[in-house]
Amino acid sequence: MEKGKNLFWKILTIFLLCTVLGSVSVSADESAVNKARNGVVRIAAIDEEKNYFATGTGFGVGKSGEATDTFVTNRHVVVNEDGNIVPTYIILSDDAIRIDFTEYVDKNGEIQNAQKINIDYSKLEACTVVDISDEYPDVAILKTEKIISERVALSLMHTDDTVEAQKVYALGFPGDADEYSDAYDTDGQTYSVCRRSIFGAVESIISTDGTISRFTTLSWADNNKVIQSTAKINHGNSGGPLITEDGAVIGINTYGIGESFYSTSIYIDYAMDMLDANGISYDLYKASFHFPDWALPLGIFILAAAVIGIFLISRQKKMNEEHKEEIKKLEAELNKKLNEWQNHVKQKDSGYRINGISGVFVKRRFAIGDVVTVGRGNDCQLRYPADTNGVSGMHCKLVVKDGKLFVIDYGSTYGTFLEKGDRIPKDVYVELPVGAKIYFGSKEQGFQISK
């Protein structure tokens with residue numbers, strides 16, 4: 001009985017650790033996204049003489065988490081229709097700018113329009129355009145005369161370090177979220193006034209979430225590399241950051257494409273290249289471990305199974321040898337499951353990626369941890385549909401050892417092949433360098449290795 005009690009407390013301790021660590025992970029994600037809002041600014045391009053006014057979004061770069069004077073945005077945020085740079089400012093409060101749009105019918109019965117911009121320049125911070133790209137890739141680097149204490153730098157992450165279906169957030173100031181009010185009056189003529197408040201405070205930042213749909217290039221935009229996602233944006237979001245759950249910037253929100261405004265963000269790497277060319281330092285995101293989403297449900301399952309088993313056994317007044325054997329089997333099975341679980345938890349991103357070039361996973365990209373099993377079986381991490389021809393239940397596995405990627409075939413029926421058609425022998429480690437192509441069963445199911 002004492003052994004059973006010890007086992008119970010062992011399981012309970014593990015379960016509580018799962019719960020605490022799981023909740024810490026969730027809180028960390030939510031906190032990271034909220035903290036990233038402090039690195040987002042609203043940008044206004046203003047030329048009062050020409051009655052020109054436009055807004056967009058930007059974000060700070062430099063030492064992550066510290067106040068900064070350097071910001072990234074889109075080129076088209078700071079230039080007019082002629083491609084000329086317009087005086088550019090960062091809006092620091094919600095009451096810095098108000099626009100009055102007036103439409104009225106004059107005494108001759110003709111419709112007239114007027115726009116008046118009311119600006120409090122004491123609540124704006126002037127910017128210098130340090131560098132600006134051509135029309136594409138559409139990037140501009142801004143610098144203020146002084147460090148803005150209310151805004152901080154965000155860490156950047158190479159876009160290639162992300163994968164499809166990864167959760168992302170678009171942060172910014174969409175124009176649709178600005179406040180409008182209408183006023184009507186008559187005085188020998190009929191008119192209406194629409195007053196628009198241009199929000200700029202951190203509290204007014206809008207966050208929309210979604211997932212990465214795909215990575216592609218835009219032929220009409222000089223083959224810009226872009227991320228397409230379901231995190232909705234509209235006018236005013238341009239130049240804002242697309243971030244991960246950890247608050248790392250992976251893209252610059254740039255285009256809304258199609259009737260549903262499919263959100264498109266250019267790779268953050270374009271901005272990194274421009275920052276490097278100008279000798280401007282920035283922080284790259286450093287990955288930290290987060291407990292997997294399945295940890296808490298698995299912990300609950302293990303706890304429930306153990307408690308039920310121990311409860312049934314402990315009901316017996318006398319513990320005979322048969323019961324002792326049952327507890328030993330239960331403990332052995334539990335330890336086996338825990339070891340499997342811990343092996344999953346310990347997996348880290350190796351940096352390797354497999355990119356589908358044919359078959360079920362064509363144009364899909366997956367990150368590789370320490371070990372990835374491939375096949376049609378339910379236990380496979382890269383699982384093919386049950387009716388996939390040529391792929392066995394447990395086909396092969398990809399293993400990272402000493403920084404190198406290897407494939408080991410499990411003795412699959414139709415084999416695992418390299419690009420030139422060489423079949424990989426069973427249970428032999430075959431290295432897969434970056435650029436190598438590998439096929440499961442036939443060339444109908446293929447991947448290429450990248451990093």
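Me: What is the strand order of the open sheet of 5 strands, and which pairing does it have?

Reply: Strands and helices here are DSSP runs numbered from the N terminus, with at least two residues (E) for a strand and at least four (H or I) for a helix. Two strands pair if DSSP finds at least two bridges between them. In this predicted model, the open sheet runs E18-E17-E26-E25-E23, with antiparallel pairing. Its edge strands, each pairing on one side only, are E18 (365-367) and E23 (416-418).

Me: How should I read the numbering and the confidence limits?

Reply: Residues are numbered from 1 along each chain as its sequence is written, and side-chain values use heavy atoms, with hydrogens and water left out. As the model is predicted, local features need pLDDT of at least 70 and side-chain atom pairs count only at pLDDT 80 or more, while totals for chains, interfaces and linings use all residues.

Me: Over how many bridges do E23 and strand E25 pair?

Reply: E23 and E25 (residues 437-440) pair over 3 bridges in the antiparallel sense. Leu418 stands opposite Ile438 in E25.

Me: Is Ser392 buried or exposed?

Reply: Buried means under 20% relative accessible area, exposed over 50%, and partly exposed in between (1.4 Å probe, protein chains only). At a relative accessible area of 11%, Ser392 is buried. Ser392 belongs to the loop between strand E20 (382-383) and strand E21 (396-401).

Me: Which residues is Ser392 in contact with, leaving aside its neighbours within four places in sequence?

Reply: Contact means heavy atoms within 4.5 Å. With those neighbours set aside, Ser392 contacts Gly375, Arg376, Ser412 and Thr413. A polar atom of the Ser392 side chain lies 3.1 Å from the backbone nitrogen of Thr413.

Me: Where is Val434, and what does it touch, not counting residues up to four places away in sequence?

Reply: Val434 sits in the loop between strand E24 (430-431) and E25. Val434 is exposed, because its relative accessible area is 53%. Not counting residues up to four places away in sequence, Val434 touches Tyr352, Ile449, Ser450 and Lys451. The C-alpha atoms of Val434 and Arg353 are 9.0 Å apart, although the two residues are separated by 81 residues along the chain.

Me: How many helices and strands does the chain have, and what percentage of its residues count as buried?

Reply: The chain has 5 helices and 26 strands. Of its 451 residues, 46% count as buried. Among contacts between residues at least 6 apart in sequence, 63% join residues at least 24 apart.

How values were computed
A polar contact is a pair of N or O atoms within 3.5 Å; within protein, one must be able to donate a hydrogen and the other to accept it, and residues adjacent in sequence count only if both atoms are side-chain atoms.
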